[in-house]
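Biologist: Hi, could you walk me through this one? I'd like to hear about the helix packing and the nonpolar cores.

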Amino acid sequence: MSERPQSGIALLRRPETTCFVRESELDRVVRLAGSADHGPSTLPRHEIGPIASLCSELIAALRAHKSADSAIGQLERGAAEWARDGIAVDAVIDMVHRCVRIIVEPADDIRVSEVVDLLGRVSAVVAAAFVRYALEATGYSDHNLAEQLIMGSRSRITARDRGFVPAAEYWVLAIDIGDESRDGGTDGRDERVRARRAVTGIRLELDRVCDGAALAALSAQGGTVLIPTTDRPEHHVDTVAAALARAAGRQITVTVVRAALADIPDAAECAHELLGIVWRLGRVGAVHRFSDVALEYQLSRPGPAQEYLRTVLEPLAVHPELLETLRCHIANDLNRRKTARMLHLHTNTVDYRIRRIAALTGFDAKRCPDLWYLRSALVVAGMPIEGNAK
């Protein structure tokens, strides 16, 4: 019989570590934290000691203005063991809060904000450890299952072997999670934290609005979501997208392709190509179906038509002000006043530039057939031409 791995309490006993408080003080913390005066707790009494000891180290680090990383790391490793032993995550976090409240004294030179920040960090670390254990214990998360279906037929057989029976047809969603740092909203580190929280919110909400039937392979930037089409109207995708945006607390952009099970790999690739096109067009946010960008998608395909359209704007390469005027003018539905306002120009200057564009390219934006070529050339060039008017 193999030896059972160490329990959380054994893991946290470190004889080489010097305790920051007297043994009698630690006993007092354990006794008070486990008493009924602080409300009922489902945490086994023999696990209170290790938590109290580490909380003492955490507060001692705050008092000495030193890093608490070592104690937090030990608490994270212990949390994985408690998760394995079936102890509830809320019981662990509750005990951490109890011990900290008992240990912190009125005379301590510690700001309340420091204690709050520390408890927030510890709670996040413990919760993350429990989540990681849960995903590893199941052996197959929805992320894994989504990747299996996206990868192809052999992987689908593997998924079935694992006990998962896929639906016959899916809506394949390519999702971009809006990055606030792209627009200067936050610095990179803060944005990474916010993005992780957004992904967590999206996963929870996706499970709720799809009754646990959706599969997702997501990162902090976005990813792919598979929603069974069974018994769900087409507008269900719009409802899901709106709910995910609210849960993420930020703008998300979605492109969707409907596909049979066998076609999911190609549909996923197509959906992400559409997402790239939507971004280049400036159509950020909301749900975009293939029919919404079918023309732009076709223009993005390699071939002689695309090669010709690439040459249309070549005469404007040395006149960036003309190229920007054309882009803004088309984005504003040829409204010269809006274009003039956006570029801080006189309307007569806009008219002059449009005439210059016609003279250089041979295509007049005031003529419908020519406008189609100019707009298509901008699409092929990857220049955003929608959603930019102010």
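This is a predicted model: local features need pLDDT of at least 70, side-chain atom pairs count only at pLDDT 80 or more; totals for chains, interfaces and linings use all residues.

Biologist: Good. At what angle do H3 and H4 pack?

Modeller: Helix H3 (residues 48–63) and helix H4 (residues 69–84) pack at about 160°, with their axes 9 Å apart. Angles over 145 degrees count as roughly antiparallel, and H3 and H4 are therefore roughly antiparallel to each other. H3 passes H4 in a left-handed crossing.

Biologist: Which residues make the contact?

Modeller: From H3 you have Ile 51, Leu 54, Glu 57 and Leu 58, and from H4 Ala 71, Ile 72, Gln 74, Leu 75 and Trp 82. By class, that contact of H3 with H4 has seven nonpolar residues, one polar and one charged.

Biologist: And the H15 and H16 pair, how do their axes cross?

Modeller: The axes of H15 (residues 336–343) and H16 (residues 347–361) cross at roughly 105° and come within 8 Å. These two helices are therefore roughly perpendicular to each other. Arg 336, Arg 337, Thr 339 and Ala 340 of H15 meet Thr 347, Asn 348, Val 350 and Asp 351 of H16. That contact divides into two nonpolar, three polar and three charged residues.

Biologist: Switching to the cores: how many residues are in the largest nonpolar one?

Modeller: It has 47 residues, and among those touching the most other members are Tyr 170, Leu 226 and Leu 313. Helix H11 (residues 264–281) gives the most to this core, with 10 residues.

Biologist: What's in the second core?

Modeller: That separate core of 39 residues includes Leu 58, Leu 75, Leu 118 and Phe 130.

Definitions and conventions:
Residues are numbered from 1 along each chain as its sequence is written. Side-chain values use heavy atoms; hydrogens and water are left out. Axes are lines fitted to C-alpha atoms, for helices over the stretch in contact, and angles run from 0 to 180 degrees between N-to-C directions. Helices (H or I, at least four residues) and strands (E, at least two) are DSSP runs, numbered from the N terminus. Angles under 35 degrees count as roughly parallel, over 145 as roughly antiparallel, 65 to 115 as roughly perpendicular and the rest as oblique. A crossing is left-handed if the near helix is turned anticlockwise from the far one by less than a right angle, and right-handed if clockwise. Contact means heavy atoms within 4.5 Å. Ala, Val, Leu, Ile, Met, Phe, Trp, Tyr, Cys and Pro count as nonpolar, Asp, Glu, Lys and Arg as charged, and the others, Gly among them, as polar. A nonpolar core is a set of buried Ala, Val, Leu, Ile, Met, Phe, Trp, Tyr and Cys residues joined through side-chain atoms within 4.5 Å. Buried means under 20% relative accessible area, exposed over 50%, partly exposed in between (1.4 Å probe, protein chains only).
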